[in-house]
Amino acid sequence: MSFTSFDLHPDLLRAVDALGYTLPTPIQKDAIPPALAGRDVLACAMTGSGKTAAFILPILQRLLGRPTGVTRALVLAPTRELAAQIDEHRRALARFTRIGGAAIFGGVSMGPQETAFRRGADVLVATPGRLLDHLSRPYARLDRIETLVLDEADRMLDMGFLPDIRRIMKLLPAQRQNLLFSATMPPAIAALARELLRQPVTLDIERPSAPAVGVSHAAYPVAAEMKLPLLVELLRQPGVRNALVFTRTKHRANRLAEGLVRQGVPADRIHGNRSQAQRTQALAAFKAGTCRVLVATDIAARGIDVTGLSHVVNFDVPPAAEDYIHRVGRTARAEAVGDAMTLVSPAEEGDLRSIERAVGTRIPRVTLPGFDYAARPAERLEIPLADRLAAMRAERRRGQDRRWRH
Ligand code: AMP
């Protein structure tokens with residue numbers, strides 16, 4: 001089956017061709033026909049499945065031939081990065097048409113986004129919080145929306161966006177098409193789907209959550225304090241073109257990126273405490289290949305798509321199987337191949353085993369030949385909390401001693 005078997009305008013087929021897509025991915029095969037027919041769709045689809053084109057192409061097809069300058073489609077996404085990426089994808093697919101659009105997200109000035117509302121951007125891709133900021137102003141109206149997409153709905157709920165989503169839905173016309181995409185289908189998503197969708201076409205619901213095919217998984221057992229030296233060695237292995245490295249916290253992301261740079265590995269970091277400009281810049285450098293290693297936290301990296309990403313590294317074992325699936329979904333996107341490496345300290349073995357149970361595969365344990373696992377590094381990535389508290393107490397005592405002496 002090729003893209004030409006969908007009822008798509010030649011200008012859209014040209015864009016698909018220009019992007020180098022030859023065959024539709026499974027989610028595209030299943031979602032595009034009902035979405036083109038105006039049906040509601042509930043799709044279980046992960047990042048990397050090709051879901052963005054699965055909802056953007058029908059939206060564009062339905063807008064073609066209509067007057068532009070009216071906002072008729074709204075896509076809600078959980079993070080700024082994902083919103084920016086969907087908007088980029090929209091631009092690429094609409095490049096041979098006159099259909100415009102804009103991304104609406106926080107961390108950047110409201111001005112250009114206000115202009116997009118006033119101009120009537122045809123397709124808006126927004127994060128819920130910033131969209132509501134605009135909707136409290138008179139220029140922002142969504143009363144001509146014909147299609148609403150909720151992308152990565154499970155993550156939006158995890159991030160507490162449900163009340164915002166409900167408020168936004170009240171401002172949309174009741175008569176509209178709804179497309180809901182979610183990597184997982186917990187009960188809260190099923191409830192939202194029942195509330196939102198009318199007789200939806202339901203796709204892939206039966207499939208258990210599993211990592212993308214084409215990823216090879218390996219776990220590297222290592223003492224917690226040897227993770228940084230091991231990572232430096234792993235990044236030196238042949239075949240590691242670039243790596244997206246996940247840490248548990250923003251603090252560890254900072255320390256790790258600094259540690260890598262000190263070891264001569266060019267690395268940058270993205271997480272919620274960084275400004276939008278810093279995040280955009282780090283991501284652009286990573287995508288352009290000028291910075292080979294990007295350290296990230298789960299939320300910031302949500303939905304990030306880097307063509308040709310060769311490695312995903314879990315510097316820390318993720319707390320939930322779902323996060324593991326999302327993280328490793330960054331590589332092996334749309335049927336490519338990639339490697340997922342997880343560094344496991346003895347304390348994290350239990351978490352890794354729960355992940356293996358949830359995804360239904362055993363992740364092979366691997367040791368890196370020639371690496372000195374028994375060595376202990378001169379610098380530690382993070383001073384353990386107990387040691388930090390002890391140091392603070394000692395410092396306080398020294399201060400008191402000084403006061404008493406005076
Ligand atoms: P998504 O799941 O929408 O984030 O897409 C994941 C990646 O797959 C993106 O880099 C897309 O450009 C790419 N992609 C989407 N559809 C196709 C396709 N039919 N053939 C090849 N690559 C695709």
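Q: Of the contacts in the protein with a separation of 6 or more, what share comes from residues 24 or more positions apart?
A: This is a predicted model, in which local features need pLDDT of at least 70 and side-chain atom pairs count only at pLDDT 80 or more, while totals for chains, interfaces and linings use all residues. Residues are numbered from 1 along each chain as its sequence is written, and side-chain values use heavy atoms, with hydrogens and water left out. A contact means heavy atoms within 4.5 Å. Among contacts with a separation of 6 or more, residues 24 or more positions apart account for 76%.

Q: How many helices and strands does the protein have?
A: Both are DSSP runs numbered from the N terminus, helices being H or I with at least four residues and strands E with at least two. On that basis the protein has 16 helices and 13 strands.

Q: What percentage of the residues count as buried?
A: Buried means under 20% relative accessible area, exposed over 50%, and partly exposed in between, with a 1.4 Å probe and protein chains only. Of the 406 residues of the protein, the buried ones make up 52%.

Q: Which residues come nearest to the ligand?
A: A residue counts as near if one of its heavy atoms lies within 4 Å of the molecule. There are 16 residues around the ligand, and those that come nearest are Y21, Q28, G48, T52 and D305.

Q: How does the shell around the ligand divide into nonpolar, polar and charged residues?
A: Ala, Val, Leu, Ile, Met, Phe, Trp, Tyr, Cys and Pro count as nonpolar, Asp, Glu, Lys and Arg as charged, and the others, Gly among them, as polar. The shell residues divide into five nonpolar, eight polar and three charged.

Q: How much of the area that the ligand exposes when taken alone does the protein bury?
A: A polar contact is a pair of N or O atoms within 3.5 Å. Oxygen atoms of the ligand lie 3.1 Å from a polar backbone atom of S49 and 2.8 Å from one of G50, and a ligand nitrogen is 2.8 Å from an N or O atom in the side chain of Q28. Taken alone, the ligand exposes 500 Å² (Shrake-Rupley method, 1.4 Å probe), and the protein buries 85%.

Q: Why does the ligand lie between domain 1 and domain 2?
A: The domain bounds come from an automatic or database domain assignment. The ligand lies between domain 1 (3-203) and domain 2 (215-386) because its shell takes residues from both.

Q: Is T52 buried or exposed?
A: T52 lies in helix α3 (residues 51-63). Not counting residues up to four places away in sequence, T52 touches I86 and H89. Its relative accessibility is 13%, and therefore T52 counts as buried.

Q: How far apart in space are L157 and I189, C-alpha to C-alpha?
A: L157 is in helix α7 (residues 153-158) and is buried, with a relative accessible area of 18%. Leaving aside neighbours within four places in sequence, L157 is in contact with L162, I165, A188, I189 and L192. Although L157 and I189 are 32 residues apart in sequence, their C-alpha distance is 7.9 Å.

Q: Is Q199 buried or exposed?
A: Q199 has a positive phi of about 40 degrees although it is not a glycine. Its place is in the loop between α9 (187-196) and β7 (201-203). At 69% relative accessibility, Q199 counts as exposed.

Conventions. A polar contact is a pair of N or O atoms within 3.5 Å; within protein, one must be able to donate a hydrogen and the other to accept it, and residues adjacent in sequence count only if both atoms are side-chain atoms.
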